[in-house]
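Subject: Structure handover

Hello,

The structure is below, followed by notes on what was found in it. Please read the notes with the coordinates open.

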Amino acid sequence: MIDRRTLFAGAAFSSTFAWLFGGSRAVASASAKPAAEAKTGKPPLDYDELLPNADVAGQMDFHAGFLAWSLNDFEKQSTKRLHAILAEKGIDPNTNVDLIPLLDDIRSDPLMALRMRTWLSNQELMLGGLEESLGRASEQYFAEMEAAEAKYPNRIELNPDMHMPEYAKHEIHLQKGGYVGNPLAGYVNYHYGNILYEALFGSNIQDERIALMAAAVPLPDDGKVERALDMGCGTGRLAYGLKNRFPEAKVSGIDIAGPMVRFSHKRAVDLGIDCFFAQRSAEATGFPDNHFDVIASNILHHEVDAAATDEIIKEAFRILRPGGIFYPIDHPTGKQAPKKTVSTKFWAFNDRAINNEVWRADFESRDFGDLIRKAGFVVDESLPPAVWGTGSIKAMKPA
């Protein structure tokens, strides 16, 4: 059977207008054995958070296919065009020259403009349609979260009056209200997050990519993992992966966004996973000193400003026990960063400009490993990355 996303990726451009102006009755098909099971010997989570109906599922399948085409085939062609534009100016595309004077010429080129416009339109249509569909079923979703909270009130902590830093108020990835302003933000992020990783990496419907991340978390030298923390847990998936890997450990997930915490807790209840989720700041977690054996995070630091990153690293050092492991999964920086060229700089700039990745450039301009080392950790950057496209930093708090 042809995987539905492979099918849509091949047909996406030719079928765009039919999909945009007509509904789909597509339903999910079976997928191949996921990479996480192949690499870890353990299947990922056997659960899929469903969309409201088959129409919405079909539309999201289209957006997944279109995004896959945009980020793969179309991006390859537009990168060739970018290189041609630079060649006309006598610039080697593999050199690290100043991008800013070139932006007007690059963005005014018809093919480059089409690449940016199609990506942005797909993102806007995907999020707009998803938010509208979930909003129509909001009573059901609120009831789900409330039922989970009534069943296990000791597994969730909400702090609706807590101070929200400025970085938390931005509409990251164009998600309306960001992670804190829409009470259904967890549902929205879960569904479009799956689509994004499907398009980029091929499989994440059953949290396959996150299962690989959890499997990559290094152990303390003594092998002891009784408490583990997912810092900036979002929709809770890394926390679930840590609990599956360390079933006897007490696993917590914290996030500054209440809607994300509520969704994480609700889905954990559905999955039968015993994790504690709390609405807390990663800069001031409220946990005791030397409390955790392992602290991990997934794409937290490039979504916050530099000052917050510095404070989060300090807080991780404080609450980690001597000999414990801090394992932040994020974009590669410093010696691990890919070579900077006009092309890589342009696509990163584009991500910031039209995908509202406000702090990506600031994060990637600093050496994350050195920042962690200066906070007192013993840092090892020789490990393979948790998954493709991420940096690899194992940080141990000295015993």
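At what angle do helix α4 and helix α6 pack, and how far apart are their axes? Helix α4 (residues 54–88) and helix α6 (residues 110–136) pack at about 165 degrees, with axes 9 Å apart. α4 is therefore roughly antiparallel to α6 (angles over 145 degrees count as roughly antiparallel, under 35 as roughly parallel, 65 to 115 as roughly perpendicular and the rest as oblique). Axes here are lines fitted to C-alpha atoms, for helices over the stretch in contact, and angles between N-to-C directions run from 0 to 180 degrees. Helices (H or I, at least four residues) and strands (E, at least two) are DSSP runs numbered from the N terminus.

The crossing of α4 past α6 is left-handed, meaning that the near helix is turned anticlockwise from the far one by less than a right angle. By class, the contact of α4 with α6 has 16 nonpolar, 7 polar and 3 charged residues (Ala, Val, Leu, Ile, Met, Phe, Trp, Tyr, Cys and Pro are nonpolar; Asp, Glu, Lys and Arg are charged; the others, Gly among them, are polar).

On sources: this is a predicted model, where local features need pLDDT of at least 70, side-chain atom pairs count only at pLDDT 80 or more, and totals for chains, interfaces and linings use all residues. Residues are numbered from 1 along each chain as its sequence is written, and side-chain values use heavy atoms, with hydrogens and water left out.

The next pair is helix α7 (residues 138–151) and helix α11 (residues 258–271), which pack at about 70 degrees with axes 9 Å apart. α7 is thus roughly perpendicular to α11. F142, E144, M145, E146, A148, E149 and K151 of α7 meet R262, F263, H265, K266 and V269 of α11 (contact means heavy atoms within 4.5 Å). That contact has 5 nonpolar, 1 polar and 6 charged residues.

Two single residues follow. I295, in strand β5 (residues 292–298), is buried at a relative accessible area of 0% (buried is under 20%, exposed over 50%, partly exposed in between; 1.4 Å probe, protein chains only). Leaving aside neighbours within four places in sequence, I295 contacts L229, M231, A316, I319, L320, I325, F326 and Y327. I295 and M231 are 64 residues apart in sequence, with 6.9 Å between their C-alpha atoms.

R360 belongs to helix α14 (residues 360–365) and counts as buried at 19% relative accessibility. Not counting residues up to four places away in sequence, R360 touches H302, H331, A348 and D351.

Regards
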